[in-house]
Amino acid sequence: MLLVDEIVEQDDQSIVCRKRFLPEEHFFDGHYPGNPIVPGVILCESAVQSGAILLAETIANEDDKVPVLTRMSDVKFKSMVKPGDEIENSVKIDEVVSTAYYMTAQIRCQGKLVGRLSFTCSMAPAG
């Protein structure tokens, strides 16, 4: 399930990506009937995928490695994201320790902060 529509900007340490949530997305069916909102886990996954795209560029010369989520912490949601809304994920690398990349993400909708999280991706053997 791809949860990134477009890369807005990127450098070696950060990336900004967008995702628009269409009303026909399958997770709206049960979350919640009559008042659909994007599940928090989907917002987190979109942010983590943005971070993985950043790392894919960073580790482009390591053909046998892929980024794998190993930790999430300090996850906070400030407001709801509804069908038709577009989010912007701003992800930055805070620290690199061996094969672990510590990152933070801010999720915005219409310029307003709707969520944030810290997460770690480690490089794992592909396949």
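Visitor: What makes E88 and R18 a salt bridge?

Guide: A salt bridge is a side-chain nitrogen of Lys or Arg within 4 Å of a carboxyl oxygen of Asp or Glu. The closest N and O atoms of E88 and R18 are 3.1 Å apart, so the pair meets that limit. E88 sits in strand β4 and R18 in strand β2, 70 residues apart, and the pair links these distant parts of the chain. Strands are DSSP runs of E with at least two residues, helices are runs of H or I with at least four, and both are numbered from the N terminus.

Visitor: What kind of model is this, and how are residues numbered?

Guide: It is a predicted model, in which local features need pLDDT of at least 70, side-chain atom pairs count only at pLDDT 80 or more, and totals for chains, interfaces and linings use all residues. Residues are numbered from 1 along each chain as its sequence is written, and side-chain values use heavy atoms, with hydrogens and water left out.

Visitor: Why is E88 called partly exposed?

Guide: Buried means under 20% relative accessible area, exposed means over 50%, and partly exposed is in between (1.4 Å probe, protein chains only). E88 has a relative accessible area of 25%, so it is partly exposed. R18 is also at 25% and therefore gets that label.

Visitor: How do you know that D5 and K19 form a salt bridge?

Guide: Their closest N and O atoms are 3.8 Å apart, so the pair falls within the limit. D5 lies in the segment before β1 and K19 in strand β2, so the pair ties together parts that are 14 residues apart in sequence. D5 is partly exposed at 49% relative accessibility, whereas K19 is buried at 7%.

Visitor: How many salt bridges are there, and which residues form a network?

Guide: A search of the whole structure finds seven. One of them joins K92 to D94, whose closest N and O atoms are 3.4 Å apart. K92 has a relative accessible area of 44%, so it is partly exposed, and D94, with 40%, is partly exposed too. Salt bridges that share partners join E6, R18, R20, E86 and E88 into one network.

Visitor: Why is C17 not counted in a disulfide?

Guide: A disulfide is a pair of cysteine sulfur atoms within 2.5 Å. The cysteine sulfur nearest to that of C17 belongs to C121 and is 13 Å away, so C17 is in no disulfide. For C121, the nearest cysteine sulfur is that of C44, 12 Å away, and C121 is in no disulfide either. The count comes to zero disulfides. C17 is buried, with a relative accessible area of 0%, and C121 is buried with 2%.

Visitor: What makes a space a pocket, and which residues are closest to the centre of the largest one?

Guide: On a 1 Å grid over the protein atoms alone, a pocket is an open set of points where a 1.4 Å probe fits, with protein on both sides within 12 Å along at least five of seven lines; lining residues have an atom within 4 Å of a point. Grid points are joined across faces, edges and corners, and a volume is the space filled by probe spheres set on the points. The largest pocket holds about 190 Å³ of space. Of the 16 residues that line it, S90, K92, T104, A105 and Q106 are the closest to its centre.
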